[in-house]
Amino acid sequence: MNIIIASALLGVVLMLSGVFLNHAKGKRTLAIFASIILMVVAVVDVMQNTNNTILHFNGLMATNSFTAKLNAVIAFCSMLYIFLFSNEISKVGLNDAEYFALIFFALTGVFILTSYQNMFMLFLGIEILSIPQYILAGSDKRNVKSNEASLKYFLMGAFSTGFLLMGITLIYGATGTFDVSKMALMGSGEPSTIALLGILFLIVALGFKASAAPFHVWTPDVYDGSPTAFTPFMASIAKVAIFAAFIHLFHASFAGLAGRWHIIIIAIIVLTLLIGNVTAVYQQSVKRMLAYSSIAQAGFLLFAVYSLNEISQKGILLYGASYMLATMSIFAVLIKMKDYTFDGFNGLAKKQPVLAFAAAIALFSLAGIPLTGGFFGKYYMLNGAMQNGMPIWVLIFAVLMAAISVYYYFKVIQAMYFKTSIQDATEPDAVIDVPFKVMLIINTALLILLGIYPTIVTIF
Amino acid sequence: MPIQYYLYLSLALFCTGIIGALMRRNAIVILMCIELMLNAVNLLLVAFSNHFNDASAQIFVFFIMVVAAAEVSIGLAIIVLMYRRVHSIDINILNRLKN
């Protein structure tokens, strides 16, 4: 629970650092230091929490070992994010202290979403996560694409907030409580129309936020238009947090009505996988391809919403960890490139072998090739859904779609290793120093480690 | 008055908001429609609060109002930023600029 307070306080400190520190380097160092503090707090939380759920703040929040582990994984990935991208974040605009502060405020929302126990906190968490992201999306003020991304993200986000609130209110009308665990009683007896309508509204709202089809239309433009330094944050950390909230709500409150909403989730999974993977094939820009691939990955994360068992909890930890690490790696390489098209990657392996190797492993993991974390992530997701009686054709469809994803991920690898180019692929003034390479290698090593010992994240 | 009346009224307001947000092209009008959606929810929450004799829903209303205010302040800032760039707040212009 300390982690929520810590991230909010660190955000305030970072915001004030803009006044007291004059050099960009000082602010960067402070942000890196703050992310390390956050990680330490997360580890302390893991050691304190047991399997018993403890309530905080009059039952508004609840923590147990699972939420603490998820917080630790997210805190670790935010630390890597700050390490890998702090240089680029400072370059986005003049207000670098504010960017770091906004990232930490968004993280406060993330940690609320992983351990809320009341719909109140669900709403606040989603808003605290979203509002800083609207600003981050538009932080490159001179770029029309960034402005467009910001406006589009804002309008879509505010629109889906309306649905979220309507859903919460209708559920409250049906049960008379905002408490997630007390609503579980709803399974007994015939559910009222208001409750079913409320669940539908909540699926729509959370589908919007998690960029599941058919509510994904904003995703490619927003991820493509935002400054590349902030896209990995939106695509990985924020998305995993939204899914943690989605899964917690549907497992704790609506499990009794599973027969009613399972069919909708199946339809959303099939649509998301189909649209995400098939559209990604036709993209010219790697950044836009990754935006579509993040929609496709959301399809796999939705399997955890369907399956109402323990495996899905392990699955979200493992899938979340490997997805976040892989996204960080590939974007850390992408941001150093001059040209974001597939041809821009030509001959990268000769000029920058470390970057090319890190990108290749990240893409292997996103595609779900064995010996990388992504393979076991997908395995746990599908296994959990199968044990909960998901129709077998959906699982086969998901595997087929993963096979399609191999095609567009491997186009990048092909460009890097088997094509040649006369000029340098990387940006001339990009900082590719030793600490950056070391962090990238650590990131890659962790992805491989997750592929060999997947239990490392579930036990710790 | 039965609770259903409030439910129908606020659902009608909510649908007005959705239709407005989807049909209108002016960013500020869309923002107003989204506010209408949130206020429909507020109305329903207060009605349910009275129905259940439970104050927590009324507290929720205050939080929604605060968050909506924060959201609008960000939204208007983004719209001003947009206006400075393209001298319009029509969201169709955005799609035209992309090509």
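This is a predicted model: local features need pLDDT of at least 70, side-chain atom pairs count only at pLDDT 80 or more; totals for chains, interfaces and linings use all residues.
**Salt bridges and the A–B interface**

With a relative accessible area of 5%, E148(A) is a buried residue.

Which residue does E148(A) pair with in a salt bridge? The partner is K152(A), and the closest N and O atoms are 3.5 Å apart. Both residues belong to helix α6 of chain A; because they are four residues apart there, about one helical turn separates E148(A) from K152(A).

R288(A) and D224(A) bring their side chains together in a salt bridge, at 3.1 Å from N to O.

Through shared partners, salt bridges link K145(A), E148(A), K152(A), D221(A), D224(A) and R288(A) into one network.

Let me turn to another pair, in helix α3 of chain A, which covers residues 65-92. Here E88(A) and K91(A) form a salt bridge with an N to O distance of 3.9 Å. The two residues are three apart, about one turn of the helix. Are these residues buried or exposed? E88(A) is buried, at 10% relative accessibility, while K91(A) is partly exposed, at 48%. Over all chains, the structure holds nine salt bridges.

I now come to the two chains together. How many residues of chain A are in contact with chain B? The count is 36 residues of chain A, and they meet 40 residues of chain B. The size of an interface is often expressed as the accessible area that is lost when the parts come together. Between chain A and chain B, about 3,500 Å² is buried, and carbon and sulfur atoms give 83% of that area.

How many salt bridges join chain A to chain B? The count is zero. As for polar contacts, two residue pairs link the chains in this way, both at pLDDT 80 or more. On the side of chain A that touches chain B, the elements giving two or more residues are α5 (119-137), α6 (144-175) and α7 (193-209). Of these, α6(A) gives the most, with 20 residues. By residue type, this side of chain A comprises 22 nonpolar, eight polar and six charged residues.

Definitions and conventions. Residues are numbered from 1 along each chain as its sequence is written. Chains are lettered from A and ligands numbered from 1 in the order in which they are written. Side-chain values use heavy atoms; hydrogens and water are left out. Contact means heavy atoms within 4.5 Å. Buried area is the accessible area (1.4 Å probe) that two parts lose on being put together, summed over both. A salt bridge is a side-chain nitrogen of Lys or Arg within 4 Å of a carboxyl oxygen of Asp or Glu. A polar contact is a pair of N or O atoms within 3.5 Å; within protein, one must be able to donate a hydrogen and the other to accept it, and residues adjacent in sequence count only if both atoms are side-chain atoms. Ala, Val, Leu, Ile, Met, Phe, Trp, Tyr, Cys and Pro count as nonpolar, Asp, Glu, Lys and Arg as charged, and the others, Gly among them, as polar. Buried means under 20% relative accessible area, exposed over 50%, partly exposed in between (1.4 Å probe, protein chains only).
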